[in-house]
Amino acid sequence: MLEAAKEQAIVARGLKRSYKTRTETVDAVQGIDLTVGRGEIVGFLGPNGAGKTTTLKMLCTLLEPTDGEAIVAGCDLRRDARGVKRRIGYVAQGGTTMREAKVSLEIVSQAQLYGLSRQEGERRGKALLRALDLDGIWDRPCGSLSGGQRRRLDIVMGLIHEPELVFLDEPSTGLDPQARANLWSHIRSLRDQFGTTVFLTTHYMDEADALSDRLLIIDHGRIVGEGASAELKERLSGDAITLTLRTAEDAAKSQETAGALENAANVVCEGNVVHFRVPNGASVLPGLLRKLTDLDVEPIGVEIARPTLDDVFLNLTGRSLRD
Amino acid sequence: MSFFRDTFIIFRRATLLSLQNPAWVIIGLMQPILYLVLFGPLLLRMTSVPGFPPGNAWQVFVPGLLVQLGIFGGSFVGFAIINEWRSGVIDRMMVTPAHRVSLIAGRVLRDVMVLMIQAIVLVLAAMLFGLRVPFGALLLALALVAMLGASFSSLSYAAGLSMKSEDAFAPLINTFALPVLLLSGILLPMSMAPAWLRYVSDVNPFKHMVEALRAVFRGEIFTFIVPFGFGLSLALVLISLWTGARVFRNQTR
């Protein structure tokens, strides 16, 4: 592949994975192209079963691609898997530690597997625990930690060798809202402090929204959309505007006016209420209201709703992410 | 070499993990003694029965117990690997640059060490009961038991990791364990069996290992059965380690 690909954190071309079951071949991932720049936080968003984890496992050397190629952290995934392994961290969805094991045992042995000495593992482990607000758990069994603590410990395990790129699979699943917000701020500071590239999968809108610089949207094993969250919303959905009027007659006039706006979509009139979508609604709305005043139409209620990623997803795939 | 270093790291982690639960350590050490105390006296009464092999009753019984320890101690470790896999530990370790084979070899090494400690406890206890065995023969016997233990722990890890379900793994162990136990003459020597049963048991390699171990305990090291039993164990250990390593490698396929 291109020498330029080594400048990026991840470049994948035509990455494919199929599974053979007893009766058929299932194409879990049907050819993915993606690029992640160094220092980016990229969210990989899609419903359960879309192929997120399969893609992640391929990029992490846990699953051999059926086809395609990738440069991960500057190393060829197929030819230099060990080089990839040295440079990446991976935090699996289901955790990384044994309940019965002491935190110190898991951290130090993990560091040693990356070629670090026991002392160095201890030093880095304690520093990382402190950075993730986990002071004082060194001698405790992993199973005695709270869900949020255990998840942060997983992240410590994935960072012990100071990887330049870290993969997080569904980092906040199963955590309460406070623990999630806390985890997100830690992930963000990871990038800000150490310049670590973060590639995370999620099926939560709010997580993708809160954390990522850029989103890749996957459905049925293909990437269907790509861009910053705000840009995707603007481009693919627009704001939802609802006008309430005095009479159905006024509503009909408003429907016509709204329909004439540039880029207006889904203009619907229900009784004395008009719904439509338009990009950048906040700047369009004053002009619309002026035009309505000229027609002697005065709305009695105006509502503007920012689009959500769910709207984007609906627009891209024709179904809701929550289905 | 990184292979040996990685293996030692895994061995150390597995050992410390075992030690974190003192209850298991005590149960593990009690087990051989229970066999000795609760089954031994029964066997002492049998020595006069026709067909009972030559030698002191303890020389017949202890080799059987040692083989049983090797087979059964090893067989159940598959449950632990399923637990580790479910906790995400196996995937986590496979993403590290550590040697794949080390991931299984380090665990097998821990199991063999536990087995050796149990075997030594068993032999020492049996000596109190009246077992007499030359020191060299004892070392030879421990080597054979270590090979058996390594084989079964590798096979068990391989089976556990390919099945990834306790519900599927438990019946497999039971299906396999009972016939092996009965057909190897561990509890009662096969020389007491009717002809047809003896023919069936001849196909069971573990019977020959038990017989070899009994010959070693009698000090008859230069009879045919001893190299034969050891040869079988060596073949078994090679096949098992290869199978285990292969299953670990194939995890990413």
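The model is predicted: local features need pLDDT of at least 70, side-chain atom pairs count only at pLDDT 80 or more, and totals for chains, interfaces and linings use all residues. Residues are numbered from 1 along each chain as its sequence is written, chains are lettered from A in the order in which they are written, and side-chain values use heavy atoms, without hydrogens and water.

Chain A and chain B form an interface. In chain B, 29 residues are in contact (heavy atoms within 4.5 Å) with 31 residues of chain A. The two chains bury about 2700 Å² between them, 54% of it on carbon and sulfur atoms. This buried area is the accessible area (1.4 Å probe) lost on putting two parts together, summed over both. B:Arg92, B:Val95 and B:Pro97 supply 27% of the area that chain B buries against chain A, more than any other three residues.

Between the chains, 4 salt bridges are counted; each is a side-chain nitrogen of Lys or Arg within 4 Å of a carboxyl oxygen of Asp or Glu. One salt bridge joins A:Glu106 and B:Arg13 (2.6 Å, N to O).

Over all chains, the whole structure holds 26 salt bridges. A:Arg214 pairs with A:Glu40 at 2.6 Å, N to O. A:Arg214 lies in strand β9 (residues 214–219) and A:Glu40 in the loop between β2 (25–36) and β3 (41–45) of chain A, so the pair ties together parts 174 residues apart in sequence. Strands are DSSP runs of E, at least two residues; helices are runs of H or I, at least four; both are numbered from the N terminus. Both A:Arg214 and A:Glu40 are buried, that is, under 20% relative accessible area; exposed means over 50%, and partly exposed in between (1.4 Å probe, protein chains only). A:Arg214 also forms a salt bridge with A:Glu226 (2.8 Å, N to O). A:Glu226 lies in strand β10 (residues 222–227) of chain A, so this pair ties together parts 12 residues apart in sequence.

Helix α9 of chain A (residues 248–259) buries A:Asp250, A:Ala251, A:Ser254, A:Thr257 and A:Ala258. These cover an arc of only 125° around the axis, which puts them on the same side of α9(A); the arc is that of directions from the helix axis to the C-beta atoms. The face turned away from the buried side carries exposed A:Glu249 and A:Glu256.

Terms used
Expected span 1.5 Å × (residues − 1).
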